[in-house]
Amino acid sequence: MKKILLSGVKPTGRVHLGNYFGAMKQFLDLQDKFESYIFIADYHAMTTVQNREELSQGIIDVALDYLAIGLDPKKVCLFKQSDIPEVHELTWIFNCITTVPYLMRAHAFKDAEAKNKEINVGIFDYPILMASDILMQDADVVPVGQDQKQHVEYARDTAQKFNRIFGKGEDVFKMPEPFILKEVETIPGTDGKKMSKSNGNVIPLFATSEEIKKAVMSIPTDSKGVDEPKNPSESLIFAIHKLLLEGPKLADLRTKYEKGGLGYKQAKELLIADLEAFIAPLRAKRDALARDLSAVKEILKKGGEKARSRASAKMNVVREKVGVEVK
Ligand code: ADP
Ligand code: TRP
């Protein structure tokens, strides 16, 4: 029996290298090893996206992204969060056993508060909806970027609390583990801060050639001359470049930096060439998939049916445990 993997991405704009190397690539690398459930977190996106066209386009975009990077719908159950209404029922039950101060300690909430943002109830309750996504499908592992680690811990706490209050000695919910790759904890953006849609410093995963050039050219550098040796671990160009290379090619680039003779202009040109070689085939595959959207929608529909039937079975147990199922 394979263990269960679950993860999701919000449809909130174009995916970027941070999303890919931080999270999505793991979905791909693990699709044979685990029974995988990968979804589009459309109701999570609604905490910020409140525009019909934007949300529905975003959903199709993430589905195309998943398929274009190589997720195989024969191996992976791909679905939309909104096709599983049971998660909201479970969220309510979890809400009732969650305290307000506990949710006030969530990083995302504290950040929003620190920035004096207007915080809707959805943002406040975000970790509990995410706990429901995870626990509903009995996930063993949840591959995410470092910034989502706390959310997986909230899911673990919630599972434990439910089991304690309602389990009567039985573990109704499994304890999920976050799966975070050490070497790619946080991918930097073109300004050195965390690559993020909200920081405006991204290199889109399906960038056009022009976008690749523009993004790379905007990376800041220090004033070292061409001949001066450079420490690769201090270079933002290298930090992004190393995502694309391994083995001797990576060692070779490292040496070029250390030896001197590699100017920043040339280092950027090398990065542009490697980004183009990496992205061009992905872009072509995505364009091809986009020509048959009905096939994409059918994949989501089938995935939704499978995930929902599991959710429905799980909720029968949960309803019985909490006492609303009157026999
Ligand atoms: P963004 O910050 O651009 O809005 P999301 O919050 O939608 O990205 O993140 C989707 C997934 O990608 C999450 O699992 C998140 O941890 C991961 N991720 C996002 N940005 C990065 C990054 N810079 N480095 C590593 N992982 C990231
Ligand atoms: N919060 C995640 C993000 O911002 C998206 C998400 C929603 C998710 N539900 C999930 C990720 C369940 C993993 C498991 O990226």
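Predicted model: local features only at pLDDT ≥ 70, side-chain atom pairs only at ≥ 80, totals over all residues.
Residues are numbered from 1 along each chain as its sequence is written, chains are lettered from A and ligands numbered from 1 in the order in which they are written, and side-chain values use heavy atoms, with hydrogens and water left out.

Serine 196 itself lies in the loop between strand S5 (177-179) and helix H9 (209-217), helices (H or I, at least four residues) and strands (E, at least two) being DSSP runs numbered from the N terminus. Serine 196 counts as buried because its relative accessible area is 11%, and the cut-offs are under 20% for buried, over 50% for exposed and partly exposed in between, with a 1.4 Å probe and protein chains only.

Serine 196 also brings us to ligand 1, which is surrounded by 16 residues, the closest being His16, Asp147, Ile187, Ser196 and Lys197; a residue is near a molecule if one of its heavy atoms lies within 4 Å of it. Which classes make up the shell around ligand 1? There are four nonpolar, eight polar and four charged residues, with Ala, Val, Leu, Ile, Met, Phe, Trp, Tyr, Cys and Pro taken as nonpolar, Asp, Glu, Lys and Arg as charged, and the others, Gly among them, as polar.

Backbone N or O atoms approach this ligand at several points: one of methionine 195 lies 2.9 Å from a nitrogen atom of ligand 1, one of glycine 18 lies 3.3 Å from a nitrogen atom of ligand 1, and one of lysine 197 lies 2.8 Å from an oxygen atom of ligand 1. Of the 540 Å² of accessible area that ligand 1 has on its own, the protein covers 93%, the areas coming from the Shrake-Rupley method with a 1.4 Å probe.

Turning to ligand 2, we find 14 residues around it, the closest being Lys10, His44, Tyr126, Asp133 and Gln148. Here the contacts come from side chains, with a polar side-chain atom of tyrosine 126 at 2.7 Å from a nitrogen atom of ligand 2, an N or O atom in the side chain of aspartate 133 at 2.8 Å from a nitrogen atom of ligand 2, and a polar side-chain atom of glutamine 148 at 2.9 Å from a nitrogen atom of ligand 2. Taken alone, ligand 2 exposes 360 Å², and the protein buries 91% of that.

Which element gives the most to the shell around ligand 2? That is H7, with four residues, and strand S1 (4-9) and helix H7 (121-136) each supply at least two. By class, the shell around ligand 2 divides into eight nonpolar, four polar and two charged residues.

Arginine 286, in helix H12 (residues 264-290), is buried, with a relative accessible area of 16%, and its side chain makes a polar contact with the side chain of aspartate 65 at 2.6 Å. Lysine 74, in the loop between helix H3 (52-69) and strand S3 (76-80), is exposed at 78% relative accessible area.

Definitions and conventions:
Polar contact = N/O pair within 3.5 Å; in protein donor to acceptor, adjacent residues only side chain to side chain.
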